[in-house]
Amino acid sequence: MSSWFRKLSHTIGHCQYHVVWVPKYRFRILRGAVKDAVEAGIQAICGYAGREVVELNVQPDPVYLVVMVPPKKSISDLLGRRKGQTSMRIFQQFRALRRKPDWGNHFWTKGCCVNAVGLDADRIRKHVRYQEKQEQQMEQLQLGS
């Protein structure tokens with residue numbers, strides 16, 4: 001049996017998901033203290049809910065997460081908590097963000113992309129790490145112009 005599998009009292013499984021989501025209107029605001037608050041919030045929510053963060057990469061616009069979810073838990077529950085609790089925390093810590101036009105009480109977009117990782121786990125984790133390098137290269141190109 002592989003070390004990938006997680007054992008519960010009556011089940012055993014390997015359920016990893018690759019999740020990508022963005023702030024409302026794709027504002028590129030996940031930088032500095034806001035980025036740190038989002039990372040801390042996601043880690044706390046996943047830890048509290050019994051989910052294991054495998055990879056987490058918060059970019060100025062998208063957030064990439066690879067998370068291990070026990071077979072008895074639902075990914076939709078995690079996503080609902082993630083959106084609700086992180087947006088409340090962000091708006092409490094950074095009150096100026098609430099003043100952005102048309103935001104209301106919503107920090108994240110309504111949807112997200114979820115993909116079951118399966119056997120390509122290493123490949124997807126590398127992709128998540130690679131996104132940060134790509135973002136830095138794009139910013140350097142834009143500054144150079």
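Which residues form one aromatic cluster? Trp 21, Phe 91, Phe 107 and Trp 108 do. This is a predicted model, in which local features need pLDDT of at least 70, side-chain atom pairs count only at pLDDT 80 or more, and totals for chains, interfaces and linings use all residues. Residues are numbered from 1 along each chain as its sequence is written, and side-chain values use heavy atoms, leaving out hydrogens and water.

**Aromatic pairs**
- Four aromatic pairs turn up in a search of the whole structure. Rings of Phe, Tyr and Trp (its six-membered ring) pair if their centres lie within 6.5 Å; planes under 30 degrees apart are stacked, over 60 edge-to-face, and the rest tilted.
- Trp 21 and Trp 108 are edge-to-face, because their ring centres are 5.8 Å apart and their planes stand at 75 degrees.
- Trp 21 is in strand E3 (residues 16–21), and Trp 108 is in the loop between helix H2 (75–93) and strand E6 (113–116), so the pair ties together parts 87 residues apart in sequence. Helices (H or I, at least four residues) and strands (E, at least two) are DSSP runs, numbered from the N terminus.
- Tyr 25 and Phe 27 also pair edge-to-face, with centres 5.9 Å apart and planes at 65 degrees.

**Exposure**
- Buried means under 20% relative accessible area, exposed over 50%, and partly exposed in between (1.4 Å probe, protein chains only).
- Trp 21 is buried at 2%, and Trp 108 is buried at 6%.
- Tyr 25 is partly exposed at 46%, and Phe 27 is partly exposed at 27%.

**Charge over a ring**
- Arg 82 lies over the face of Trp 21, 4.0 Å from the ring centre. The criterion is NZ of Lys or CZ of Arg within 6 Å of the ring centre and within 35 degrees of the ring normal.
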